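Please read it with the coordinates open.

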Number of protein chains: 2
Amino acid sequence: MKVLITGIDGYSGWPLALHLLNRGHDVVGLDNFVTRKRVREVGSWSATPILPFPRRQAAVHEILRKTIGFHKGDLSDYEFTRGVLAREKPDAIVHLAEQRSAPYSMIDVHHAVATQVENLTGTLHLLYAMKEAAPDAHLVKMGTMGEYGTPDVDIPEGFFEVEFRGRKATLPFPRSAGSWYHWSKVFDSGDVYFASRIWGLRTTDVMQGVIYGTRTPDLTDDRLLTRFDFDETWGTALNRFIAQSVLGLPITPYGKGGQSRGFLALEDSMQSLRLAVEHPAEPGQYRVFNQFDQAYSVNQLAETTAKVAEEFGLHPTIEHPPDPRVEAEQHYYHPIHEHLPALGYRPMRSLEDGIRQIFGDLIRFRKRLVAKRHVVQPTVEWRRPDSRPLLAAREPSARAADPGPVPEATPPPADASEPRPA
Amino acid sequence: MKVLITGIDGYSGWPLALHLLNRGHDVVGLDNFVTRKRVREVGSWSATPILPFPRRQAAVHEILRKTIGFHKGDLSDYEFTRGVLAREKPDAIVHLAEQRSAPYSMIDVHHAVATQVENLTGTLHLLYAMKEAAPDAHLVKMGTMGEYGTPDVDIPEGFFEVEFRGRKATLPFPRSAGSWYHWSKVFDSGDVYFASRIWGLRTTDVMQGVIYGTRTPDLTDDRLLTRFDFDETWGTALNRFIAQSVLGLPITPYGKGGQSRGFLALEDSMQSLRLAVEHPAEPGQYRVFNQFDQAYSVNQLAETTAKVAEEFGLHPTIEHPPDPRVEAEQHYYHPIHEHLPALGYRPMRSLEDGIRQIFGDLIRFRKRLVAKRHVVQPTVEWRRPDSRPLLAAREPSARAADPGPVPEATPPPADASEPRPA
């Protein structure tokens with residue numbers, strides 16, 4: 001199949017390209033490189049050194065003997081978007097080209113508006129471009145489990161049957177997101193659902209959990225590494241916990257740490273997206289996958305990180321700063337995830353094993369963490385009117401945030417970056 | 001109370017200003033006059049002659065001896081928005097400043113994106129401006145009953161209790177809109193709900209039905225008239241049916257005509273909005289009102305229009321062109337509306353009486369309909385890839401759409417524009 005990946009230069013987009021190539025698919029991508037730019041803007045960089053895109057393409061050619069087609073551009077440009085679809089005529093489109101950080105969206109009004117407008121415009125342009133230039137293509141659109149919030153009932157995959165005042169109906173499960181970013185994903189889901197209904201497009205909406213990991217079996221060479229963000233804006237909580245451990249800082253789960261979310265290893269996310277691509281939705285079908293492996297509380301992440309850290313001679317403490325987010329710190333959390341296993345999904349990597357692998361790589365690239373150690377600790381306050389210290393606090397001159405000397409760590413175990421056998 | 005009306009120059013905004021002034025409230029407004037511009041762009045105008053805004057203000061001063069404060073500007077400009085709130089410190093904000101046409105949003109990709117981006121940006125700017133400059137103000141935000149779609153169960157007011165897999169929870173009622181415009185209102189609702197939760201804002205979200213009418217008791221002089229749109233893009237189906245009757249054209253309900261929606265007379269909408277303003281939500285409360293009086297099918301509208309037309313010596317026929325929208329032509333429709341009656345809402349005008357009143361005014365201003373008779377018939381196709389005939393067909397040179405000679409009508413009954421006594 002020919003697969004177009006929007007956001008091919010990103011954390012998921014790049015390993016997905018490699019995974020699909022290795023499975024024999026043709027891959028073409030587009031990207032505007034805005035993630036590289038925005039991570040620089042907060043004073044950070046990827047913990048893993050990543051090549052500029054043309055050198056990534058060259059490495060793929062040299063190592064895998066494959067070619068990745070590429071269009072540099074922005075989905076906010078409709079003519080560009082339509083042009084790429086008209087020229088490439090992909091069988092599937094995996095849409096990953098979105099602003100993906102909740103903390104970024106919460107910085108101030110302009111970041112909130114930019115997040116929602118960018119994500120919504122890109123998706124709407126892509127939908128119209130599909131209708132006009134590739135109406136039989138299958139859209140696999142990246143959403144998030146965060147669209148659902150944390151309701152007091154089980155979370156179905158998109159739709160559920162309810163009885164209300166004596167009548168039954170199958171309805172979309174209500175969304176209740178927790179950041180402007182998460183709401184932008186809710187809005188995208190609405191637009192994709194509607195486009196699928198009026199134009200008969202094939203669509204799969206992936207409610208993905210939090211992804212972790214630096215590795216997939218396809219990243220066989222350092223030149224093929226994907227990015228890994230550890231700063232407060234672009235890194236996940238787990239990424240920061242591991243970076244904190246490597247830097248000798250306390251691990252900082254917010255509040256009571258009982259907040260639960262669904263998680264998935266990077267290579268299992270690749271497996272899931274590949275299964276979605278290889279089993280397309282029907283024309284007019286809007287299909288929802290809850291794409292995660294296990295739910296963990298923030299405390300479980302912190303404790304597992306601290307436990308694995310010991311294997312590397314690191315001894316992080318766990319501290320609980322007040323939760324800057326507006327969220328329940330203890331809650332029921334039971335999402336259903338049956339659609340992907342029905343297509344053959346089998347988890348390949350456990351959380352503990354994934355954390356071990358990340359430690360291995362972050363210790364290898366420890367100097368890159370040390371150089372940016374001022375960006376790891378949380379500063380954005382979601383409730384306060386003036387939550388703008390982010391950019392200021394990110395300057396290396398912010399001495400108050402200086403975490404002090406960095407501990408030594410033992411080298412990673414030899415097999416730390418090998419995938420678990422199937 | 002001091003009330004800020006965004007979109008004060010519009011169909012609802014203007015009579016709301018007069019209604020609140022007559023109830024003793026202070027009124028200040030803002031508008032960018034984009035509706036006047038966009039109605040011109042499709043080759044139409046308001047059936048009722050309306051004054052430029054400064055002359056509206058002067059008329060209010062002369063007739064009512066009241067002053068309306070005004071800020072010309074656009075909610076897409078955050079500094080403008082925050083500045084107005086900081087300067088005016090309103091007790092309540094009635095937010096009506098949105099692109100309000102579903103057919104406009106369906107013209108093409110650019111109209112779709114413009115509708116969603118404009119509405120979402122304006123609302124998000126207003127929410128942040130409230131947080132920063134008027135955190136105790138009460139936001140009354142105009143939504144639409146169309147956000148809910150037409151589910152096979154009763155439609156509650158925003159939230160409902162469901163049982164799913166043995167557990168119960170109160171959840172937002174799922175939205176399932178039928179145009180890019182309607183989805184933009186769904187998105188606004190999400191953002192208002194979230195802002196209310198994180199910042200403790202007072203908010204009322206009004207899921208309004210379709211409004212009809214040319215009159216409220218406050219429109220006591222022709223200089224105080226509000227606009228009335230009858231073209232396919234900016235007028236509602238009922239508005240077009242009455243305009244078609246006056247022009248001697250067939251009435252054209254789409255498809256089978258069984259599509260049901262909630263309706264409300266203009267003066268009852270004013271009463272409802274005033275009740276919401278005078279009974280503010282609590283801090284942090286997100287309150288949803290289903291604001292309509294009765295549900296009618298399109299056929300009921302067509303038949304009532306045809307019946308009332310006879311009183312004016314007009315004899316329209318009813319034709320059923322294919323439905324250009326993607327919607328069920330027969331469906332269950334039972335929305336609940338109990339919150340407004342609990343605040344004292346009592347309907348003042350029936351559909352038949354409202355239609356009679358509109359006929360009275362449209363016949364009075366018949367020359368304005370005749371001059372623009374080429375804009376009344378539907379041309380936008382929601383399903384087709386190339387639904388762009390709208391602007392072209394709106395040129396007076398589009399002879400194919402010429403409806404021929406216009407019949408004479410008898411003058412309106414003397415009491416046609418008097419409201420029904422309470």
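1. Strand 8 (residues 202-208) of chain A runs parallel to strand 11 of chain A, and the two pair over six bridges. Strands count as paired if DSSP finds at least two bridges between them, and both helices (H or I, at least four residues) and strands (E, at least two) are DSSP runs, numbered from the N terminus. Within this pairing, Q208(A) has Q291(A) of strand 11 of chain A as its bridge partner.

2. This is a predicted model, in which local features need pLDDT of at least 70 and side-chain atom pairs count only at pLDDT 80 or more, whereas totals for chains, interfaces and linings use all residues. Residues are numbered from 1 along each chain as its sequence is written, with chains lettered from A and ligands numbered from 1 in the order in which they are written.

3. How many residues of strand 11 of chain A are buried? Six of the six residues of this strand (286-291) are buried, and the strand is mostly covered. A residue is termed buried if 20 or more other C-beta atoms lie within 10 Å of its own, exposed if 12 or fewer, and partly exposed in between, with C-beta atoms placed from the backbone. Y286(A), V288(A) and N290(A) point one way from the strand, while R287(A), F289(A) and Q291(A) point the other way; all are buried.

4. The largest nonpolar core has 230 residues, and V94(A) and V94(B) have the most contacts inside it. Such a core is a set of buried Ala, Val, Leu, Ile, Met, Phe, Trp, Tyr and Cys residues joined through C-beta atoms within 7 Å. Apart from residues up to four places away in sequence, V94(B) touches V3(B), I5(B), L16(B), V140(B), L273(B) and V277(B); contact requires C-beta atoms, placed from the backbone, within 7 Å.

5. Chain B has an open sheet of three strands in the order 9-10-12, with mixed pairing. Strand 9 (210-212) and strand 12 (294-297) of chain B are at the edges with a single partner strand each, so one side of each has no neighbour in the sheet. From one strand to the next the twist averages 45°. Strand 10 (residues 260-265) of chain B pairs with strand 12 of chain B in the antiparallel sense over four bridges, and R261(B) stands opposite Y296(B) of strand 12. Helix 9 (residues 266-278) of chain B packs on the sheet, touching strand 9 and strand 10 of chain B, and its direction makes about 80° with that of strand 10.

6. In chain A, helix 1 (residues 13-22) and helix 9 (residues 266-278) pack at an angle of about 55° with their axes 10 Å apart. Helix 1 of chain A is therefore oblique to helix 9 of chain A. Angles under 35 degrees count as roughly parallel, over 145 as roughly antiparallel, 65 to 115 as roughly perpendicular and the rest as oblique. Axes are lines fitted to C-alpha atoms, for helices over the stretch in contact, and angles run from 0 to 180 degrees between N-to-C directions. The contact involves P15(A), L16(A), H19(A) and L20(A) of helix 1 of chain A, together with L266(A), M270(A), L273(A) and R274(A) of helix 9 of chain A.

7. The contact between the chains takes 41 residues from chain A and 41 residues from chain B. On the side of chain A that touches chain B, two or more residues each come from helix 6 (109-133), strand 6 (159-164), strand 7 (167-172) and helix 7 (180-199) of chain A. Helix 6 of chain A gives the largest share of that side, twelve residues. Strand 6 and strand 7 of chain A pair in the antiparallel sense over six bridges, with E163(A) bridged to K168(A) of strand 7. Their hairpin has two residues between the strands, and R165(A) takes a positive phi near 50° there.

8. F33(A), in the loop between strand 2 (26-31) and helix 2 (34-41) of chain A, has a positive phi near 60° and is partly exposed, with 13 other C-beta atoms within 10 Å. R65(B), in the loop between helix 3 (53-64) and strand 3 (69-72) of chain B, has a positive phi near 60° and is exposed, with 8 other C-beta atoms within 10 Å.

Definitions and conventions: Two residues are in contact if their C-beta atoms, placed from the backbone, lie within 7 Å.
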